[in-house]
Amino acid sequence: KGVNILPYWKFAESGFDLTLNVDSFPEMSDATVADYLETIKKNSKALLSINRENGGAVKTHTHNIVREVAERVGLPCVSRSPFWILNNYIEELYIP
């Protein structure tokens, strides 16, 4: 075993004990995040999400709130708390 860091194009090909997402889901479109979360439901035992949660706008879209997209795709959050290192960040654990 050990830690494997893979490029995004290999993500759907493998199974994982834990998927970690830090500071990127809010930057993606809703559809892209939903696709990742659907894949995580199929090939990961858990998702640890550490992301900003302010819903701020960027040029092309409003930042996603991970919890809202996860609820839409049916990925349950089992733990949620402020991330103590960074302001406005939330640490969430999802278990498919």
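Guide: Contact here means heavy atoms within 4.5 Å, and angles run from 0 to 180 degrees between N-to-C directions, the axes being lines fitted to C-alpha atoms, for helices over the stretch in contact. Helices (H or I, at least four residues) and strands (E, at least two) are DSSP runs numbered from the N terminus. The model is predicted, so that local features need pLDDT of at least 70 and side-chain atom pairs count only at pLDDT 80 or more, while totals for chains, interfaces and linings use all residues. Residues are numbered from 1 along each chain as its sequence is written, and side-chain values use heavy atoms, with hydrogens and water left out.

Two of the pairings involve β4. Strand β2 (residues 47-52) runs antiparallel to β4 and is joined to it by six bridges; within this pairing, Tyr89 is the bridge partner of Arg52. β3 and β4 make a hairpin with six residues between them. The turn contains Asn88, which has a positive phi of about 65° although Asn88 is not a glycine. With 49% relative accessibility, Asn88 counts as partly exposed, where buried means under 20% relative accessible area, exposed over 50%, and partly exposed in between (1.4 Å probe, protein chains only).

Val66 belongs to α2 and is buried, its relative accessible area being 3%. Leaving aside residues up to four places away in sequence, Val66 touches Phe25, Pro26, Ser49, Asn51, Glu92 and Tyr94. Of these, Asn51 is 15 residues from Val66 in sequence, and the two C-alpha atoms are 7.7 Å apart in space.

Helix α2 (residues 66-73) also meets helix α1 (residues 30-43). Two packed helices are described by the angle between their axes and the distance between the axes. The axes of α1 and α2 come within 9 Å and cross at roughly 60°. The two helices are therefore oblique to each other, since angles under 35 degrees count as roughly parallel, over 145 as roughly antiparallel, 65 to 115 as roughly perpendicular and the rest as oblique. The crossing of α1 past α2 is right-handed, a term used if the near helix is turned clockwise from the far one by less than a right angle, and left-handed if anticlockwise.

From α1, the residues in contact are Asp30, Val33, Ala34, Leu37, Glu38 and Lys41, and from α2 they are Val69, Ala70, Arg72 and Val73. Together they divide into six nonpolar, no polar and four charged; Ala, Val, Leu, Ile, Met, Phe, Trp, Tyr, Cys and Pro count as nonpolar, Asp, Glu, Lys and Arg as charged, and the others, Gly among them, as polar.

Two further residues lie on either side of β1. Leu18 is in the segment before β1 and is partly exposed, at 48% relative accessibility. Residues up to four places away in sequence aside, Leu18 touches Ser44, Ala46, Leu47 and Leu48. The C-alpha atoms of Leu18 and Tyr94 are 9.8 Å apart in space, while the residues are 76 apart in sequence. Asp23, in the loop between β1 and α1, has a positive phi of about 60° although it is not a glycine. Asp23 is partly exposed, with a relative accessible area of 41%.

Definitions and conventions: Pairing = 2+ DSSP bridges.
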